[in-house]
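Subject: Structure handover and findings

Dear colleague,

I am passing on the structure below, and after it you will find an account of what came out of the analysis. Please read it with the sequence and the coordinates open beside you.

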Amino acid sequence: ALEESDAAQLAEARARFEQMRDSLDAGLEKLFGRYDETGDRGVLEQIRGQLNRRKYITNLIATANGERIQH
């Protein structure tokens, strides 16, 4: 029963992380569009920050899947 509970919590966490990643992807798409339109280097900084956050979340998903984290 404890293992089932752990598995359910892990699946729930993984789903949350995947939702966060999908939301980040949508935001990144908008940022890339804004950079293409404006060439504003400040937007590049925002993109860099979002990509770093995305990598962190991707690593959390990999961990939840029992995979080794790739650097």
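Accessible areas here come from the Shrake-Rupley method with a 1.4 Å probe, and for residues only the protein chains shown count as cover. On that basis the chain exposes about 5,600 Å², of which carbon and sulfur atoms supply 48%.

This is a predicted model, in which local features need pLDDT of at least 70 and side-chain atom pairs count only at pLDDT 80 or more, while totals for chains, interfaces and linings use all residues. Residues are numbered from 1 along each chain as its sequence is written, and side-chain values use heavy atoms, with hydrogens and water left out.

Overall form

The secondary structure of the chain consists of two helices and zero strands, where helices (H or I, at least four residues) and strands (E, at least two) are DSSP runs numbered from the N terminus. The C-alpha trace spans about 55 × 20 × 10 Å along its principal axes. The chain has a radius of gyration of 16 Å, whereas a compact globule of 71 residues would have one near 11 Å; the radius is taken over C-alpha atoms, and the globule rule is 2.2 Å times the number of residues to the power 0.38.

Of the 71 residues in the chain, 17% are buried, a word that here means under 20% relative accessible area, with exposed meaning over 50% and partly exposed in between (1.4 Å probe, protein chains only). If contact is taken as heavy atoms within 4.5 Å, then 51% of the contacts between residues at least 6 apart in sequence join residues at least 24 apart.

As for charge, the chain has 11 positive and 13 negative side chains, and the centres of the two sets lie 6 Å apart. Lys and Arg count as positive and Asp and Glu as negative, while His and the chain ends are not counted; the place of a charge is NZ of Lys, CZ of Arg, CG of Asp or CD of Glu.

The core and its surroundings

A nonpolar core is a set of buried Ala, Val, Leu, Ile, Met, Phe, Trp, Tyr and Cys residues joined through side-chain atoms within 4.5 Å. The largest one has five residues, namely Ala13, Phe17, Leu24, Ile57 and Ile61. Two elements, α1 (2–38) and α2 (41–64), each give two or more residues to this core, and α1 gives the most, with three residues.

Ile57, which lies in helix α2, counts as buried because its relative accessibility is 2%. Leaving aside neighbours within four places in sequence, Ile57 is in contact with Phe17, Met20, Arg21 and Leu24.

Leu28 is placed in helix α1 and counts as buried, since its relative accessibility is 5%. Beyond four places in sequence, Leu28 is in contact with Ile47, Gln50, Leu51 and Arg54.

Gln9, found in helix α1, is exposed because its relative accessible area is 53%. Gln9 and Ala64 are 55 residues apart in sequence and 9.9 Å apart in space, C-alpha to C-alpha. Leu44 lies in helix α2 and, at 26% relative accessibility, counts as partly exposed. The C-alpha atoms of Leu44 and Leu60, which are 16 residues apart along the chain, are separated by 24 Å.

With best regards
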